Amino acid sequence: MNHALTHDQIFDSVREILCDALGVDEDDVTPAASLTKDLGAESIDFLDINFKIEKKFSTPEKAFKINQGELFPENLTSDASLVKDGKFTDAGMELLRTKMPHVDYSAFDADRSVDNVSELFTVKSLCDFVARKLAA
Amino acid sequence: MRWMWIDAITHHEPNARLVAVKNISMAEEHLHDHFAQDESGAACPVMPTSLVIEGTAQTAGILVGSVHGFREKVILAKISSFRLDIDPRPGQTLRYDARIERMDASGASTETVISLLDHTDAAAAATGAATSGGDGTAGATSQWREVGRSSLMFSHIDQNRSGLQFPEENFVFSENFRTILRSAGLEGLARD
C-alpha cells in the first residue's frame, strides 16, 4: 500500500480492517464509533486490529511496525501514581496524552474513569494514528 | 489429561511453520454417535467440525508456544475465520499446515491450511484396470487436496493487556504435547 494516502483512503482501509476483525457492517463503522462500546471489540480484538493495520499499511520498502502499547497502551492502571480511586490522575492523563496523541480527550477529561478509557478508541483515532505514523 | 486432536507432527520450520496430521478412525467412539443410525437413516460417521477446529488450534498453538520454548501460556483467544468444505470421515487423514502471520509479546495470529488425504480414493483407483494390477496396492495413490482454512488468534496470557495474574505452572503445554514432540524428534523445543 502506498504511503501517500488521503484521509479517505485511510478510512476505507481501516473500515475494511474493522469489518473483518469485528464482524460488523460497513455502515456501523463511522468516524465517531467507539471500538468497544459501539463495535463490540474485546481485548484480543485490539491485538487483531493491531496486526491487521501493520499488514495493511506495510509496503515492500517500509514496514508499518507498531510497537507494543503504541496504539493501545497497556497496564496503565496498575501504577498508583497514574490512577487514584478509579480515575486517572493529572500524571495519568499526561501520560495518556503522550502515549496516545491520536486520541481526542475533550469529553474524557471531565470523567477520567478507568472503566471508560477503552471508549477513547474510536475509528477516527485509529485513522489519525495511521495518518500520523505514515507522515512521520 | 488433554484430549489431543493431532496424531503426529510431520514438519517444523522454527518460528514459522508446523505441520501435523490427524488420522480419522472408527475406533474413535464419538463417531458412533455422530451420527448414529436412527429412524431417519443409516449411520453416518463424521468427525465434528469443532474437533477439526481444535486440531488446527493445537497445531498452531504448538507452533506459537515453540517460539519461546513453551515457557509462555498460549491460549486460543479468537477464531477469526474458519472454513471446511467437506465432512471428514473414517479412512481419511487431515493435515494441518500452520504458519505464523504476526506475533508479538502479547500474542500471535496464525493461518492454517487444512488438507485431506482420502485413502478410499486410492482403493477405488486400485480396483480400476487403468491404475493397478487389481490387487489393491500397485499404482494406488491418493492426493492431498485443500479442504479448508483456519485463521486463529492466540494470546500469551501472562502478557494480557489487563494485567491479570495466572498460575506459574504452564497448564497449557502438558505431558501430552511433550509425547507428540518426542515422537517427531522435536523434544528439544520444550526447554525445562
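Is B:N15 buried or exposed? Keep that in mind while we look around. One caution before we go on: this is a predicted model.

Let's start with chain A. Helix α1 of chain A runs over residues 7–22. That is 16 residues. From first C-alpha to last, the helix reaches 22 Å, close to the 22 Å expected at 1.5 Å a residue.

Now, which residues of α1(A) are buried? They are A:I10, A:F11, A:V14, A:R15, A:I17, A:L18 and A:A21. Look down the axis of α1(A). The buried residues fall within an arc of 165 degrees, so they line one face of the helix. And what covers them? The cover includes α2 (43–57) and α5 (123–135) of chain A. Just after α1(A) comes A:G23, with a positive phi of about 65 degrees.

Step back to the whole of chain A. The domain assignment gives domain 1 as 1–66 + 121–136, and domain 2 as 73–119. Eight residues from domain 1 of chain A and five residues from domain 2 of chain A make the contact. On the domain 1 side, two of those residues are nonpolar, three are polar and three are charged. Taken over C-alpha atoms, the centres of domain 1 and domain 2 of chain A are 22 Å apart.

Over to chain B, and to backbone angles. Most residues other than glycine have a negative phi, and most peptide bonds are trans. Here are some exceptions.

First up is B:N15, with phi near 65 degrees, a positive value in a residue other than glycine. Find B:N15 in the loop between β1 (8–13) and β2 (17–23) of chain B. Back to my opening question. B:N15 has 12 other C-beta atoms within 10 Å. The cut-off for exposed is 12 or fewer. So B:N15 is exposed.

Next is B:F70. Its phi is near 60 degrees, again positive in a residue other than glycine. B:F70 sits in the loop between α2 and β3 (74–84) of chain B. Buried or exposed? Count 21 other C-beta atoms within 10 Å of B:F70. Buried needs 20 or more, so B:F70 is buried.

Then there is a peptide bond to find. B:H34 and B:F35 are joined by a cis peptide bond, with omega about 10 degrees. B:F35 is in the loop between α1 (30–33) and α2 (49–67) of chain B.

Last, the two chains together. How many residues does each chain give to the contact? Chain A gives 12 residues and chain B gives 15 residues. On the chain A side, four are nonpolar, four are polar and four are charged.

Note on methods: Residues are numbered from 1 along each chain as its sequence is written. Chains are lettered from A and ligands numbered from 1 in the order in which they are written. This is a predicted model: local features need pLDDT of at least 70, side-chain atom pairs count only at pLDDT 80 or more; totals for chains, interfaces and linings use all residues. Helices (H or I, at least four residues) and strands (E, at least two) are DSSP runs, numbered from the N terminus. The expected span of a helix is 1.5 Å times one less than its number of residues. The arc is that of the directions from the helix axis to the C-beta atoms. Two residues are in contact if their C-beta atoms, placed from the backbone, lie within 7 Å. Ala, Val, Leu, Ile, Met, Phe, Trp, Tyr, Cys and Pro count as nonpolar, Asp, Glu, Lys and Arg as charged, and the others, Gly among them, as polar. Domain bounds come from an automatic or database domain assignment.
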